[in-house]
Amino acid sequence: MAGVRLARSNRPSPKPESRPKMMNATYAWPDGKRCVAAFSIDFDGETPYLWRSRHTQPNTLGELEQRAFGPRQGIYRILEMLSRLDIRSSFFIPGVIAEKYPAAVEAIAKEGHEIGLHGYLHERVDELSKEQVEESIIRGKQALEKVIGPRTMGFRSPSWEMTADTFELLQRHGIPYDSSMMGYDHPYWIEGLPEVPVQWLLDDAIFYRYTGGGAGNPPLNPNTVIDTWQQEFEGIKRYGGLFLLTVHCWISGRGSRIIALERLLSQLKNDPDVWWATCGEVAEYHAKQYAGQFRETLGGRTP
Ligand SMILES: [Zn+2]
């Protein structure tokens, strides 16, 4: 035992510069706020099902009708809740939804919410050629602009998958930011674009999505989900990050879920330490304040 102690005491103590860095640079928010909260809606409706079954074209109606609940009812409940709470949000919408449900998209724009791109038919970009991704960006934007008029729109990738080609195309088409990646829990740069990061823990689908057939776990109780989000919010507040919640109207528009959601958003809205912003406002802040910081290449690969 004595020998061990002697050996340890003879070791040179580590120089300060060789110690691991314990903290990354912290991210500062406007007006001394400790963190930012943003609420986003991926207004998918039936499109992920239509994309998934585009080659097989099944004659089943169950999932289609379940999803249509979103554009028929869920969306209006979410809009009504946001109006009550006075929260401006970011809606990412596939072009097909604008074609099929123009009144819902008009209602979103009329309430002053941000509208962003979410593909044309909710295409997964990793299943497309570069030309097809470009076509989905152009068609998606045209379909939305037909309803809400021309405007600059950010991008959220369907299914939150991305490719290097897609980042390049977004820049080519003047898309000001992306919101599909999870490399930090505050904004950063990736492939030359501001990234407003999402995360699976703050997505309603992983807790609630259930489309029958006995596959998958039954949906969780809304109180459990809200507790989980509340805890993540406390963590993000401690470290000064971005609390970006993502819901789907066909999932979170259901009665018990929206009641629980309103409870959480109301509490966050009244928290004086929180800066509330849309995804577009967060991206703009990042581009201005952090032009030279938090720059990454895809997956840490060297360009
Ligand atoms: Zn989606």
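Me: Which residues does W229 touch, leaving out those up to four places away in sequence?
Reply: This is a predicted model, in which local features need pLDDT of at least 70 and side-chain atom pairs count only at pLDDT 80 or more, while totals for chains, interfaces and linings use all residues. Residues are numbered from 1 along each chain as its sequence is written, and side-chain values use heavy atoms, with hydrogens and water left out. With contact meaning heavy atoms within 4.5 Å, W229 touches L201, L202, D203, D204, F207, F243, L245, V247, L261 and L264.

Me: How are α3 and α5 oriented to each other?
Reply: The axes, lines fitted to C-alpha atoms over the stretch in contact, of α3 (residues 62-85) and α5 (residues 102-110) come within 10 Å and cross at roughly 10°. Angles between N-to-C directions run from 0 to 180 degrees, and those under 35 degrees count as roughly parallel. That makes α3 and α5 roughly parallel.

Me: Where do the buried residues of α7 lie around its axis?
Reply: In α7 (residues 164-172), T166, F167, L169 and L170 are buried. The arc is taken from the directions from the helix axis to the C-beta atoms. These residues cover an arc of only 165°, which puts them on the same side of α7.

Key. Helix = DSSP H or I, 4+ residues; strand = E, 2+ residues; numbered from the N terminus. Parallel < 35°, antiparallel > 145°, perpendicular 65-115°, else oblique. Buried < 20%, exposed > 50% of the residue type's maximum accessible area, 1.4 Å probe, protein only.
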